[in-house]
Amino acid sequence: MNDTLRTWWSTGLTAALAALYGWLGLAAHGLDRALGLGGAVLVLAAVPVARRSRALAVTLLVAGAVPLAVAAWWSIAAPLVGLLILLLGWTAVRTGPAPTAPPNP
Amino acid sequence: MERGSVDNKPVGRRRFLGTAGLTAGSVAVAGAGGLTWRAAQEGVFATGTGPAYAAWDQWDRPGRDMLSLLRAGVLAASAHNTQPWLFRVGRDHIDLYADPRRGMGSMDPLRREMYVSLGCAVENMVLAGPPSGWQPAVTLMPDPARVGHVARIRLSPAPVAHSPLYAAVPKRHTDRGAYDTGRPLGAEVAAGLRGQIGADSGVRLLWLASEKSRNIFGGLTVRATRAIIADPRQAADDFAWYRTGWRQIQSRKDGITIDASGQSPLIRAAAKLLGTSREQNQDGWLRATRDTHVATAAAFGILLVRDRLDAVRRLETGRVWQRMHLWATTRGLAVQPLNQVLERIDREHAAGLPPHFTDAMADLLPTGWHPLLAFRTGRPTAGTLLSPRRPAEDARLT
C-alpha cells in the first residue's frame, strides 16, 4: 500500500467515524445531541484543515471528539467512537500532505 | 545494492505496520458502526423519550376536560407497570374497568395486585378532579354482579382547586435504586404516611423500622424472591412483564424497563447494547433485592386489611398507597413496592402449596389482619427515571 492510498484510507475512516458521531448525536437529545452533531462537523473540518495546519487539525479533532465522549462516558458507544476518532484522525492528519508554506512576496 | 536492501527494510516494516494498523482500524470502525447502530436502535441516548413516555407530558392540560382525570389516572402506580385499567367516559361520570388481559398470571393469582393498582388509578383521578374544575364522588364496585366494573366516579362542576398531592402526580416514580443508609427516617415519616389513610378505608399500616423487624421482613423478601425464581411458572409470568427492547417498550408502553431499574447509567447502557436473558434478569433481580432493596431500606411498611379478598378493601388500599407515594414524593422520600412475600403467599393459596410464607408472615402481623401491599422507603441517593405509560386515549373504551 502506498502513502497516498494509506492517507486516503485513514481519511475515509475518520470521515466514517465523524458520520457515526453525527448518528449518535441524532439519536440523542439536548446537550448530547449538540455535542454529537457539532463534534461530527469539527472532525470533518479537521481533514482539509490539516493541509494548512496540522496543529489546528489536531485541535479540531480533540475539540470534536472529546466533549461527547466525556459527557456520555456511560454510553460505551460515544467514548469508543471518540477514541477511534482521535487515533485514526491523528493518523490521517500526520500522514496527509505537508502543510503548504505561504508564497514568498 | 546491499546498502539499498538494508535501507528498504525499515521502510518495508513501517509500511507493513501502517497497513496492518489501518486494517485493524477498518475492523474497529466497522465494529463501532455496529455499536452505534445498536445504541441508536435500543435508545441508549433516548431515555424517557418517544411515544411510550408521552403521557408524562400530556397529563396536565388547562380547561374543564374529563379527559384530564384519565390522563392523571394512567400515571398511577401499578404492579409491574401492568396498567390494568380501562376507562369509559360518560356525560357526567367516568367508569373504571379492570382489564383482565393485563393480569400477571401466577404472580397475582388472586388479582390482589390488580385491584390495588386500580385503586391507585382511582385516587389519581380523584385528585385530578378539583384542579380540572370537577368535584368527584366515588363509588367502588358499583355493581357487585360485575366484578370488572371497579369504580364509577361521578363529576359535578366545582371551583378549581389545587393540592400538593396532585402537583406530585408527574413526579411520583418508583425508586428501585439504593437508599441513603446514613440518613434514617424520623417518626414523622410513619406519622405522615399514616395520615394518608382515610378513617373509613379499613386499611392499617404496619411500620417495620427496627433493625430486628427489618431483618425479618428483609430476609423473608429475599427468600421469596428466590422461591419465585425457582418456580418455573411464576418466573415466566414475572419475566413476561419485563421489557428488554426499545421497540417493544415504544409499542407496548408498559412493563418494567432497565431504565427504571435503579441501575447505574453504565449498566443500563450495557444491558441495552448487549441485551439481557431471562437468567441474567433474574440474577440481577435477586442481587438487587438482597444487596440494594433490602439492604438499604430505612423502613418497610405493610398495608393491612381485615378481609384480603374484599375488592373494595383492595381498591381502598390502592387509593391509600397512591396517596402515600405522592405524599412521600412531596417530602423527597423514595419508596418502592416490595411484594415478593405477598406474591408467594397468594401462590401458596392458589396452588395449594405448603404455607411457608403464609406462616412466616403471620408471625409478623397483628391477629386478624392480612397484608395487601408491602413497600420499602428511605432517602434517595439518585434521581429516578420515567416508566412507560399507555396514553389515556389507548385505555379509553368508546
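Is R233(B) buried or exposed in this predicted model? R233(B) counts as exposed, because its relative accessibility is 54% and exposed means over 50%.

**View 1. R233(B) and its surroundings in chain B.** R233(B) sits in helix 8 of chain B, which covers residues 232-239. Apart from neighbours within four places in sequence, R233(B) is in contact with S106(B) and R347(B). G105(B) is 128 residues away from R233(B) along the chain, and the C-alpha atoms of R233(B) and G105(B) are separated by 8.7 Å.

**View 2. Chain B as a whole.** Chain B contains 14 helices and 11 strands. The C-alpha trace of chain B spans about 105 × 50 × 40 Å along its principal axes. Of the 398 residues in chain B, 54% are buried. Among contacts in chain B with a separation of 6 or more, 78% are between residues 24 or more positions apart. Chain B has an accessible surface of about 17000 Å², and carbon and sulfur atoms hold 54% of this surface.

**View 3. Where chain B meets chain A.** In this view, 25 residues of chain B are in contact with 25 residues of chain A. The two chains bury about 2200 Å² between them, with 82% of that area on carbon and sulfur atoms. L22(B), T36(B) and F45(B) supply 32% of the area that chain B buries against chain A, more than any other three residues.

**View 4. Polar pairs and helices between chain B and chain A.** There are zero salt bridges between chain B and chain A. Two residue pairs are in polar contact between these chains, both at pLDDT 80 or more. On the side of chain B that touches chain A, helix 1 (2-41) and helix 10 (265-274) of chain B each supply at least two residues. Helix 1 of chain B gives the largest share of that side, 16 residues.

**View 5. A nonpolar surface patch with residues from chain A and chain B.** The patch is formed by W23(A), L26(A), L37(A) and W37(B). Together these residues have about 390 Å² of accessible area. One of them, L26(A), lies in helix 1 of chain A, residues 3-27. L26(A) is exposed, because its relative accessible area is 53% and the cut-off for exposed is over 50%.

Methods: Residues are numbered from 1 along each chain as its sequence is written. Chains are lettered from A and ligands numbered from 1 in the order in which they are written. This is a predicted model: local features need pLDDT of at least 70, side-chain atom pairs count only at pLDDT 80 or more; totals for chains, interfaces and linings use all residues. Side-chain values use heavy atoms; hydrogens and water are left out. Patches are made of residues with over 30% relative accessible area and no salt bridge: like charges are joined within 9 Å, nonpolar side chains (Val, Leu, Ile, Met, Phe, Trp, Tyr) within 5 Å. Accessible areas come from the Shrake-Rupley method with a 1.4 Å probe; for residues, only the protein chains shown count as cover. A salt bridge is a side-chain nitrogen of Lys or Arg within 4 Å of a carboxyl oxygen of Asp or Glu. Helices (H or I, at least four residues) and strands (E, at least two) are DSSP runs, numbered from the N terminus. Buried means under 20% relative accessible area, exposed over 50%, partly exposed in between (1.4 Å probe, protein chains only). Contact means heavy atoms within 4.5 Å. Buried area is the accessible area (1.4 Å probe) that two parts lose on being put together, summed over both. A polar contact is a pair of N or O atoms within 3.5 Å; within protein, one must be able to donate a hydrogen and the other to accept it, and residues adjacent in sequence count only if both atoms are side-chain atoms.
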